Amino acid sequence: MKKTLFIISMIMIMISSYVFVQEQKSLDQISWDSGPSTQTMMISLDSVEAEKERMVQILTETADKYEANLELVTNRTINGDYYRFHILYLNYDQSLDYQLVSGRELTVDDMNTDNFIATFETNASNQIGTYQDLFNDDKVYFMPLHAYVKEYALYGRMFVSFLNPDNSELFLTELSNALNVSSESLTDNVDLITLGRDTVQRFQQLNQVILISFILALIYFVMFHSKKISVMKLNGISVMD
């Protein structure tokens, strides 16, 4: 009986551990798709029809006026490899929600440079830091807005943080007017970082089902064998574990 219980327990632990690891991987991927915890609003640039240079000028001038930090999160496939990009424009220094394993954070002074941080070593002279990637399976770049637009167009979700949160409505109104779009079009259909959350919830629910099933199976197994052992003892049969 003890051996059987041990085998059942080990099987349940292995299954539960696997599900837990998959849950943590999903949470890790969500973290790379998320903006800063200090964000006040999130907007989408997908509906904006403007030349890249003009859009950058409007975004930076409006951010400067209302002391806002911008963080655009997008992704690209380059030479068959999938990369995430966090494109930053900072008016005040802030630490991002990631663990540095080497180097330093991007600051306001880096905004007009080509310096960047990544989750992996690139051997580039302008890489100033490396963020920890728990499973070493996400290639993510963090770079200034001016460096990114030298090569790529702007699209995706933009997270906006304010030194003074009361500036958020004024920022949105002026930005929409300058871009000649409505405030609603900038904020409608924005993914509110439910990305992958359904997957995480499914893993959590599966782990709960595994735990409950294990407890019920254990109770049944113990009760069944206790009854069987009692009958064997009444009939004078010795019981061996």
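**Loops, helices and rings**

Reply: Asn 136 has its place in the loop between strand 6 and strand 7. Keep in mind that this is a predicted model.

Me: Is Asn 136 buried or exposed?
Reply: The cut-off for exposed is over 50% relative accessible area. Asn 136 has 69%, so it counts as exposed.

Me: And what is phi of Asn 136 near?
Reply: Asn 136 isn't a glycine, yet its phi is positive. The value is near 50 degrees.

Me: Which loop holds Asn 79, and how exposed is Asn 79?
Reply: Asn 79 also has a positive phi, near 55 degrees, and is a residue other than glycine. Its loop runs between strand 2 (68–78) and strand 3. As for accessibility, Asn 79 is exposed, with a relative accessible area of 78%.

Me: Let's step back to the whole chain. How many helices and strands are there?
Reply: Along the sequence, the pattern reads α-β-α-β-β-β-β-β-β-α-β-α-α-α. That comes to six helices and eight strands.

Me: What share of the residues counts as buried?
Reply: The protein chain has 241 residues. Contacts between residues at least 6 apart in sequence join residues at least 24 apart in 70% of cases. The share of residues that count as buried is 41%.

Me: How do helix 2 and helix 4 run relative to each other?
Reply: Helix 2 covers residues 52–65 and helix 4 covers residues 168–179; their axes come within 10 Å and cross at roughly 155 degrees. Angles over 145 degrees count as roughly antiparallel. So helix 2 is, relative to helix 4, roughly antiparallel.

Me: What handedness does the crossing of helix 2 and helix 4 have?
Reply: The angle between these two axes is roughly 155 degrees. The handedness of the crossing is right-handed.

Me: Which residues does Ala 68 touch, leaving aside neighbours within four places in sequence?
Reply: Ala 68 sits in strand 2, and with 0% relative accessibility it counts as buried. Its C-alpha atom is 8.3 Å from that of Asn 164, a residue 96 places away along the chain. The contacts of Ala 68 are Ala 63, Tyr 89, Asn 91, Val 160, Ser 161, Phe 162 and Phe 171.

Me: Now the rings. How many aromatic pairs are there?
Reply: Rings count as a pair if their centres lie within 6.5 Å. With that rule, the count is twelve aromatic pairs.

Me: How far apart in sequence are the parts that Tyr 83 and Phe 120 tie together?
Reply: The two rings form a tilted pair, 6.4 Å centre to centre with 45 degrees between the planes. Tyr 83 lies in strand 3 (residues 81–89), while Phe 120 is in the loop between strand 5 (116–118) and strand 6 (127–131), so the parts tied together are 37 residues apart.

Me: Is Tyr 83 buried or exposed?
Reply: Buried means under 20% relative accessible area. Tyr 83 has a relative accessibility of 12%, so it counts as buried.

Me: What about Tyr 83 and Tyr 141: how many residues apart are they?
Reply: This pair is tilted too, at 5.8 Å centre to centre and 35 degrees between the planes. Both tyrosines, Tyr 83 and Tyr 141, are buried. Tyr 83 is in strand 3 and Tyr 141 in strand 7 (residues 140–144), so the pair links distant parts of the chain, 58 residues apart.

Me: Which residues make up the cluster that ring pairs link together?
Reply: Tyr 83 and Tyr 141 belong to the cluster.

Conventions
Residues are numbered from 1 along each chain as its sequence is written. This is a predicted model: local features need pLDDT of at least 70, side-chain atom pairs count only at pLDDT 80 or more; totals for chains, interfaces and linings use all residues. Side-chain values use heavy atoms; hydrogens and water are left out. Axes are lines fitted to C-alpha atoms, for helices over the stretch in contact, and angles run from 0 to 180 degrees between N-to-C directions. Helices (H or I, at least four residues) and strands (E, at least two) are DSSP runs, numbered from the N terminus. Angles under 35 degrees count as roughly parallel, over 145 as roughly antiparallel, 65 to 115 as roughly perpendicular and the rest as oblique. A crossing is left-handed if the near helix is turned anticlockwise from the far one by less than a right angle, and right-handed if clockwise. Rings of Phe, Tyr and Trp (its six-membered ring) pair if their centres lie within 6.5 Å; planes under 30 degrees apart count as stacked, over 60 as edge-to-face and the rest as tilted. Buried means under 20% relative accessible area, exposed over 50%, partly exposed in between (1.4 Å probe, protein chains only). Contact means heavy atoms within 4.5 Å.
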